[in-house]
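Please read the points below alongside the sequence and the coordinates.

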Amino acid sequence: RPHAILSVSLRGRRYVLDSLSNTALDEDLVKYYVPVYSVNEKWRWAHIPRDFLNVQTAQGGKADD
């Protein structure tokens, strides 16, 4: 189900704060989310799922088209 997470860097380690939980987790323990978009103070990114790229390549298209 869609929700928000926040990734925080602190003393050389990264932690994830999840809007569905009250616990901050070490980033290495968080394997269940698929990013849709990311933002920081200067930039924003839209993520393209790997499955989409695999389908495009299998259909004869280029992954970077």
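1. For the count that follows, Ala, Val, Leu, Ile, Met, Phe, Trp, Tyr, Cys and Pro are taken as nonpolar, Asp, Glu, Lys and Arg as charged, and the others, Gly among them, as polar. On that basis, the lining of the largest pocket comprises 12 nonpolar, four polar and two charged residues. Please keep in mind that this is a predicted model.

2. The largest pocket has a volume of about 620 Å³. Its lining is made up of 18 residues, and those closest to the centre of the pocket are I5, Y33, P35, Y37 and S38. Two or more lining residues come from each of the elements β1 (5–10), β2 (13–18) and β4 (37–39).

3. Which residues form a nonpolar patch on the surface? The patch consists of I5, Y32 and Y33, which together have about 270 Å² of accessible area. I5 and Y33 are also among the residues closest to the centre of the largest pocket.

4. Y33 is placed in the loop between β3 (24–26) and β4. With a relative accessible area of 31%, Y33 counts as partly exposed, because that class lies between under 20% for buried and over 50% for exposed.

5. R11 sits in the loop between β1 and β2, and its phi is near 55°, a positive value in a residue other than glycine. The relative accessible area of R11 is 79%, so R11 is exposed, the cut-off for that class being over 50%.

Definitions and conventions:
Residues numbered from 1 in each chain as written. Predicted model: local features only at pLDDT ≥ 70, side-chain atom pairs only at ≥ 80, totals over all residues. Heavy atoms only, no water. 1 Å grid on protein atoms, 1.4 Å probe; cavity = no way out; pocket = protein on both sides within 12 Å on 5 of 7 lines; lining within 4 Å. Points joined across faces, edges and corners; volume = space filled by probe spheres on them. Helix = DSSP H or I, 4+ residues; strand = E, 2+ residues; numbered from the N terminus. Patch = residues over 30% accessible without salt bridge, like charges linked within 9 Å, V, L, I, M, F, W, Y side chains within 5 Å. Areas by Shrake-Rupley, 256 points an atom, 1.4 Å probe, with all protein chains shown as cover. Salt bridge = Lys/Arg side-chain N within 4 Å of Asp/Glu carboxyl O. Buried < 20%, exposed > 50% of the residue type's maximum accessible area, 1.4 Å probe, protein only.
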